[in-house]
Amino acid sequence: MSKFVISGPQKLQGEITVAGAKNAGLKAIPAAFLMNGKVELRNMPQIQDVEVMLQIAQELGAQVVKQGDQVSIDTSGVKSSHISSALSGKARTSIMLVGPLLLRGGEVTIGHPGGCAIGRRPIDQFLEGFRAFGIAVKDEGDQYRFRADKLRAATYFFPFVSVTATETLMMTATLIPGTTVLKNSACEPEVQALANYLNQCGAKISGAGTSTISIEGVQKLAPMEYAMIPDRLETGMFAILAAATGSDLMIKRANPEHVESLLAIFEHMGVKYERGQDWLRVIGTDTTRYRSPGKVITHEYPGLATDLQPPLTVLLTQIPGTTLVHETIFEGRLFYIDLLNRMGANIILCDPHRALVQGPTPLRGKNIESPDIRAGIAVVIAALIAQGETVIDNIYQIERGFERLEERLKAIGATVGYVN
Ligand code: EPZ
């Protein structure tokens, strides 16, 4: 497995451009199956997870042409409605194809969806929502079989907020006759971006970005061009990187409004930043001059994104005081702290959802394996502030979510070795 070799500590400097949002691009691909014809996707992140979803699209019979961050998907030739477990196991978002495929022909089979190992990652919310639409769901052990002679509009209350379940039911409802109302929906910017795009294609979605989304079914959608919004999780990660390494970084093609929760924490901590319409500059300094925010709590948008919790925890190990990290979304998203403790951090895991971070503690380079995208990038940040050499193994888990990471880190002055 490929490795990064990083010797710290390193100060960085310069400008970094945020890529298109992974968690918008992954949904644009299933959305293309709601239409017949060629959809042009722009500002698509060039990452493994998108690759897998495009392979699934091709497996289903779509014509896919990629050129850098531009992807065109022509679904007019879609014949199959089976998604192999070899591919569905690599991408949790494969489940999002079920609704659009059922609208094209009444039966879909799919292997169990995969995803980051950050908790159980069940799909019960999808299955319940599909049943509300009149879809018959059968677990056949190695795959699910979905059947629907006729989908019906429904009012569905999500027992708890789910981003991709919201997006899946929302996009499916665009072509179901009648009015569908989704309550306790996710409000993430990617949900809003998807709704805006589908409305440009002729859908009638209202309320996206709030917890109640109404969808008036229409006959058909016309394929339009879709440019992805900036990746707020990249924006937040690079902002944390600047603060943690005491670097002055200009983050371009960003949307600071999408990371307000992180900037509020920066205010509490005394991290200096400047912002504009589409840029964010973080002027890092000696981390012992920052203040502990006391506690950080992940929460559905607009609260602190759970995906920023691992990188932020690395920063918290470098500031004076004790900070409670409360991970409310996933039960498996704190186990990476063992890796940070091996590097010298002093973090107590109180339970699967809470950790107490004591700082500042000097970190030392170690040999580490990346467990998932966000914990992986947290280890990269830790390696850039640690004393000595860190070898990070299994960087596929990081490259799944961050395009050309090694090249972009080098562009802001980082020395990163790459071992195949
Ligand atoms: C999306 O995952 C994102 N992925 C995740 O980003 C992100 O961490 C998460 O939302 C929360 O913001 C994509 O958009 C592709 P959820 P999703 O359904 O939709 C439970 C990254 O690193 N749940 O909002 O899968 C679930 O276990 C990834 O970019 C069920 O129990 O997350 C979790 O505890 C990681 N049953 C909670 O809901 C279900 O059917 C929220 O999960 C679905 C979810």
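Start by selecting Asn23 together with the ligand: an N or O atom in the Asn23 side chain is 3.0 Å from an oxygen atom of the ligand. The model on screen is a predicted one.

Next, select Asp124. One of the polar atoms in the Asp124 side chain lies 2.6 Å from a nitrogen atom of the ligand. Then move to Arg333, where a polar side-chain atom lies 3.4 Å from an oxygen atom of the ligand. Show the surface of the ligand at this point: on its own the ligand exposes 820 Å², and the protein buries 92% of that.

Now widen the selection to the whole shell. The ligand is surrounded by 23 residues, and the closest are Arg92, Asp124, Ser162, Thr164 and Ile329. Colour the shell by residue type to see nine nonpolar, six polar and eight charged residues.

Show side chains for the contact: H8 contributes Met237, Ile240, Ala243 and Ala244, while H10 contributes Pro311, Leu312 and Leu315. Colouring these residues by type gives seven nonpolar, no polar and no charged.

Technical notes
Residues numbered from 1 in each chain as written. Predicted model: local features only at pLDDT ≥ 70, side-chain atom pairs only at ≥ 80, totals over all residues. Heavy atoms only, no water. Contact = heavy atoms within 4.5 Å. Helix = DSSP H or I, 4+ residues; strand = E, 2+ residues; numbered from the N terminus. Nonpolar A, V, L, I, M, F, W, Y, C, P; charged D, E, K, R; others polar. Near = heavy atom within 4 Å. Polar contact = N/O pair within 3.5 Å; in protein donor to acceptor, adjacent residues only side chain to side chain. Areas by Shrake-Rupley, 256 points an atom, 1.4 Å probe, with all protein chains shown as cover.
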